[in-house]
Amino acid sequence: MLAILSVLFLYLCSPVCGVFQKLYCTISDSCDCDFKPNIKDLEWDLYKNVYGQHLAQDIVSEEVARFLQNKSPERPLVLSFHGSSGTGKTLVSSMLRNHLYGSAMSSPYVHQFVPTLHFPLPDRVQEYREELKSWVQGNLTECARSVFLFDEMEKMPPGLIDVLEPFLGPSHVVFRTNYRKAIYVFISTSGEEVIHRKVLESRQAGRDREEITAEDFQEAIARTVYNSTASGFFQSSIVRQQLITRFVPFLPLSRRHVERCVRSQLCQRGSCGRGDVVEAVAGDMTYAPVPGHYFSTTGCKAVPAKINLFL
């Protein structure tokens, strides 16, 4: 036994250890590369630092926790974030990757795609499809717990994203890996009109914002992105085959949410007590619709720049 332990020790310390460990990761269900999920910290981060998004907070925390509790999921986790600019979609995706892989975007197992950068030419869609399929399959072979982020889906060339359909369902098999452990996140402004309309109708009906439920949006968002030519999911088989686990609506932000964003930013700069700046920045934002002026047209996106003006 001592001899075996000695040999094992020498093996683990050898230069080839990394090579064999990497190979083991690709074929073993018990090895998840550098995957170190911290669900409690994710939930804390979501509820502490995301403002006005009770639906996104609940859906993301619940779906991620449920998915990771299943050691042998039937299909990957597929979340599609929808809402106007500045409402927190990118922030939540950043939190997700930070609490799944501590090294976030520096992790070789977190992959981000931006259409204007990776797929800029509409006449090369077929070429992009082949490249994307090869890239995803190669990375799933490398690590079953890969995370794929697709930003600005409203700019994705129609038909391109459907190449992922075999990876999102329960039937496809990727050589040497359990592809069903992967996570996909799509981020888009598509569907913002239907989200705004439903939130406005709820407000005008006298309902509290927190009374709005996720079920109010699921079918409406799916129908909108499927039928809109300004959507990467236009006529998509992914939507038609119901391969998206949940559509996540990000609601438009009111002035009180903007004020919370300002206070948070000020505290990060060591100026927590500057209520005058909070009032100035919130008051300088543009709100819609007219009449009413209920929601910030840019969410919290312009907050850092406006703080620089008033601080």
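Start by selecting Arg-145, in the loop between helix H7 (125-142) and strand S3 (147-150). Helices (H or I, at least four residues) and strands (E, at least two) are DSSP runs, numbered from the N terminus. Is Arg-145 buried or exposed? Arg-145 is buried, with a relative accessible area of 5%; buried means under 20% relative accessible area, exposed over 50%, and partly exposed in between (1.4 Å probe, protein chains only). Now show Lys-181 too: its backbone oxygen is 3.4 Å from a polar atom of the Arg-145 side chain. That is a polar contact, a pair of N or O atoms within 3.5 Å; within protein, one must be able to donate a hydrogen and the other to accept it, and residues adjacent in sequence count only if both atoms are side-chain atoms.

Before you click on, know that this is a predicted model, where local features need pLDDT of at least 70 and side-chain atom pairs count only at pLDDT 80 or more, while totals for chains, interfaces and linings use all residues. Residues are numbered from 1 along each chain as its sequence is written, and side-chain values use heavy atoms, with hydrogens and water left out.

**Next stop: another arginine**

Select Arg-209, in the loop between helix H9 (192-204) and helix H10 (218-227). Arg-209 is buried as well, with a relative accessible area of 12%. A polar atom of its side chain sits 3.0 Å from the backbone oxygen of Gly-52. Leaving aside neighbours within four places in sequence, Arg-209 is in contact (heavy atoms within 4.5 Å) with residues including Gly-52, His-54, Leu-251, His-257 and Phe-295. Try the distance tool on the C-alpha atoms of Arg-209 and Leu-251: they are 42 residues apart along the chain and separated by 9.3 Å.

**Strand S1**

Now go to S1, residues 77-83. How many of its seven residues are buried? Seven of the seven are. Leu-77, Leu-79, Phe-81 and Gly-83 point one way, and Val-78, Ser-80 and His-82 point the other.

Show the strands joined to S1. Strand S4 (residues 183-188) runs parallel to S1, with six bridges between them, and Leu-77 stands opposite Ile-183 there. S5 also runs parallel to S1, joined by five bridges, and here Leu-79 stands opposite Arg-246. Two strands count as paired if DSSP finds at least two bridges between them.

Zoom in on Ser-80, which is buried with a relative accessible area of 0%. Not counting residues up to four places away in sequence, Ser-80 touches Phe-186, Phe-233, Ile-244, Arg-246, Phe-247 and Val-248.

**Aromatic rings**

Colour the aromatic rings next. How many aromatic pairs does a search of the whole structure find? It finds 10. Rings of Phe, Tyr and Trp (its six-membered ring) pair if their centres lie within 6.5 Å; planes under 30 degrees apart count as stacked, over 60 as edge-to-face and the rest as tilted.

Pick Phe-35 and Tyr-101: the ring centres are 5.4 Å apart and the planes are at 70°, so this pair is edge-to-face. Phe-35 is in the loop between helix H2 (17-27) and helix H3 (39-49), and Tyr-101 is in the loop between helix H5 (89-100) and strand S2 (110-113), 66 residues apart. Both Phe-35 and Tyr-101 are buried.

Then pick Phe-81 and Phe-250, a tilted pair with 5.3 Å centre to centre and 55° between the planes. Phe-81 is in S1 and Phe-250 in strand S5 (residues 246-250), so the pair ties together parts that are 169 residues apart in sequence.

For a group view, select Phe-113, Phe-119, Tyr-128, Phe-150, Phe-186 and Phe-233, which form one aromatic cluster.

**The cores**

Keep Phe-150 on screen. Phe-150, Leu-164 and Tyr-184 touch the most other members of the largest nonpolar core, which has 72 residues. A nonpolar core is a set of buried Ala, Val, Leu, Ile, Met, Phe, Trp, Tyr and Cys residues joined through side-chain atoms within 4.5 Å. There is a second, separate core of 15 residues, including Val-258, Cys-261, Tyr-287 and Val-303.

**Last stop: helix H12**

Finish with H12 (residues 255-268), which has 14 residues. Among its buried residues are His-257, Val-258, Cys-261 and Leu-266. The buried residues of H12 pack against helix H13 (275-284), strand S6 (287-288), strand S7 (295-296) and helix H14 (303-310). After H12 comes Gly-270, whose phi is positive, near 80°.

Notes:
The expected span of a helix is 1.5 Å times one less than its number of residues.
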